[in-house]
Amino acid sequence: MCGIIGILGSHEVSPQLVEALKRLEYRGYDSAGVATVDASGQLNRRRAVGKLVNLSDRLVHEPLPGHAGIGHTRWATHGAATEANAHPHRRGPVAVVHNGIIENFRELRDEVISLGLTPESETDTEIVALMTAWHMDQGNSPVEAARATLARLHGAFALAFLFEGEGNLMIAARKGSPLAVGHGKGEMFIGSDAVALSPFTDRITYLEDGDHAIITREGAEIFNAAGAPANREIQQIDVGATQIDKGGYRHFMAKEIAEQPAVLGDALSHYIKDGRIVLPEAINFADVDRLTLVGCGTAYYAACVARYWFESLAGLPCDLDVASEFRYREPPLSPKSWAMFVSQSGETADTLAALHYARDKVAKTVGVVNVGTSAIARDADIALPTLAGIEVGVASSKAFTCQLAVLAVLALKAAHDRGRLTDAEQRAHLEDLRALPGLLNQTLSVSDECRSLASWLSEAQDVLYLGRGPLYPVALEGALKLKELSYIHAEGYASGELKHGPIALIDRNVPVVVVAPRDALFDKTVSNMQEVMARHGQVLLISDAEGIEKGGHGTRASLTMPSGGGAFAAILYAVPMQYLAYHTAVAKGTDVDQPRNLAKSVTVE
Ligand code: M6R
């Protein structure tokens, strides 16, 4: 979602602002802009709709001098993706960039209109600039004016302010949405994340909820929500871990799919040592009476797969919900239960709010997160990193399989803690898990066949995905991937549910992708597949060699997967889901890494 950068530098900052915005592109955006204060104290801005290259072109023809500046990539919430709605928003001496939503903006908008001011855009952000400029008009300093405005804002936001005539001042504020301050030598920075700041500094302070910072080239003074000075740690970040390049691949997503054997291996080695599970001591499921699993999108589907494992292996009753529903449906939660929140970014607004809802109602909250410095990692009682490394492609791939790996380890721990698995049984399951990186590596070879199948799928209007048991959420994930990347309508169904309605959609034009390893439910899935084929449905069966031999007759195509993975075979089947969507998108010529309308971390409701 929106990206923020701010620099009090020692050179021309426009190129640096654009470079940093490029590093924030992966979050998703539909317009961009920068503002600077030049040597004479003049505040100017340039904005452009669409990709950053449009802003760069603009800057070539209309350069923006200055050693102080702020920049923004906008993902439209209030108002369309137009230049007028793009950030920075400027009013009088104030320029503002913003990530998040000002929830009381209509009330504030009415208020500024009643003061005789006229908003020029449809955005909530412009109201912040208007109010701050108004306070300055009343004789307040920039700091006093920004503070007076901040005190009125409700909602979740990260904000950066720049002021005319103030070449050595930026103000940053955070409530909900993430924001970091970067410390340089005689230079200071602000940014949405460490990825944006890493070309400039490896010394970072993460602002906490309610903080605001007064920043000059000499340093940052940070104040907490009560307005008192706050001491926030400067962390040394591993710049290597923030490197983002395609490593020779055509798209970040292709690289991230191919990285899965390695990162899955890293995640498993972190949690399994010498054939034993290594987790924080506080993790013991013996007395847990219920587990609630919450996430959004792909992270939710990872939670769906994990429910099968927690229930069948550990006998632990599970509740499961998407965060946007969970947070508002007032679910009663047992004080002996645990709640687990799965998120790649760790910043998803709904998942974070769901965690906040649960935290004083359950015995323990656990965050299963990829970004270790994120809000969910900080706010959960226990944070477990999924160690997938930076995922730039907006469509999740390696983050999903690493989430599954960590959840699988947790399910095995729960099964052992609850006396459902002996040491030896647990070890056997751990061996299945440890075999997965090697099997995933073999699975990558389905890429070529998926490329061949893509011309068929890319012609389709609708595609159905079917699976049973843990493969049902994998089918849901396959459909989500295809929708996100290729904009083809796709739905996932539990195979047994097909005859209760969706079978009406079947004709010879609807490809039906069936994910079915040769397991206890295989024959039932094959029966459902027969029902599809009897109605001229065109089936792609994805199974192991034994499954293809037994059930492949009459299908339009099949993909042979390696057998293995035991109870966790579902993890392998994520790969053909990813490649089918990826190659279909490439065949259709859509934007693989930044699909339209999507954002990488969704920090608004
Ligand atoms: O960062 P999170 O895992 O919390 O994000 C949740 C979803 O927004 C995310 O998984 C989304 O569905 C992806 N685009 C899926 O590819």
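By the criterion that a side-chain nitrogen of Lys or Arg lies within 4 Å of a carboxyl oxygen of Asp or Glu, the count comes to 26 salt bridges. The model is a predicted one, in which local features need pLDDT of at least 70 and side-chain atom pairs count only at pLDDT 80 or more, while totals for chains, interfaces and linings use all residues. Residues are numbered from 1 along each chain as its sequence is written, and side-chain values use heavy atoms, with hydrogens and water left out.

| Salt bridge | N to O distance |
|---|---|
| Glu-208 and Arg-232 | 3.7 Å |
| Arg-327 and Asp-350 | 2.7 Å |
| Lys-483 and Glu-491 | 3.9 Å |

Glu-208 and Arg-232 meet through their side chains in a salt bridge. This pair joins distant parts of the chain, 24 residues apart, with Glu-208 in the loop between β11 (203-206) and β12 (212-216) and Arg-232 in the loop between β13 (219-223) and β14 (235-236); here helices (H or I, at least four residues) and strands (E, at least two) are DSSP runs, numbered from the N terminus. Residues are called buried under 20% relative accessible area, exposed over 50%, and partly exposed in between (1.4 Å probe, protein chains only). Glu-208, at 38%, is therefore partly exposed, and Arg-232 is partly exposed at 22%.

The side chains of Arg-327 and Asp-350 also form a salt bridge. They too link distant parts of the chain, 23 residues apart, since Arg-327 is in the loop between α10 (323-326) and β19 (338-343), whereas Asp-350 is in helix α11 (residues 349-358). Arg-327 is buried, with a relative accessible area of 17%, and Asp-350 is buried at 11%. In the pair of Lys-483 and Glu-491, by contrast, Lys-483 is partly exposed at 31% and Glu-491 is partly exposed at 25%.

Salt bridges also link Arg-518, Asp-523, Glu-546 and Lys-550 in a network. Helix α17 (residues 522-533) has 12 residues and reaches 16 Å from its first C-alpha to its last, close to the 16 Å expected at 1.5 Å a residue, where the expected span is 1.5 Å times one less than the number of residues. Its buried residues are Phe-522, Thr-525, Val-526, Asn-528, Met-529, Val-532 and Met-533. Among the elements covering them, by contact (heavy atoms within 4.5 Å), are β22 (462-467), β24 (511-515), β25 (538-544) and α18 (545-551).
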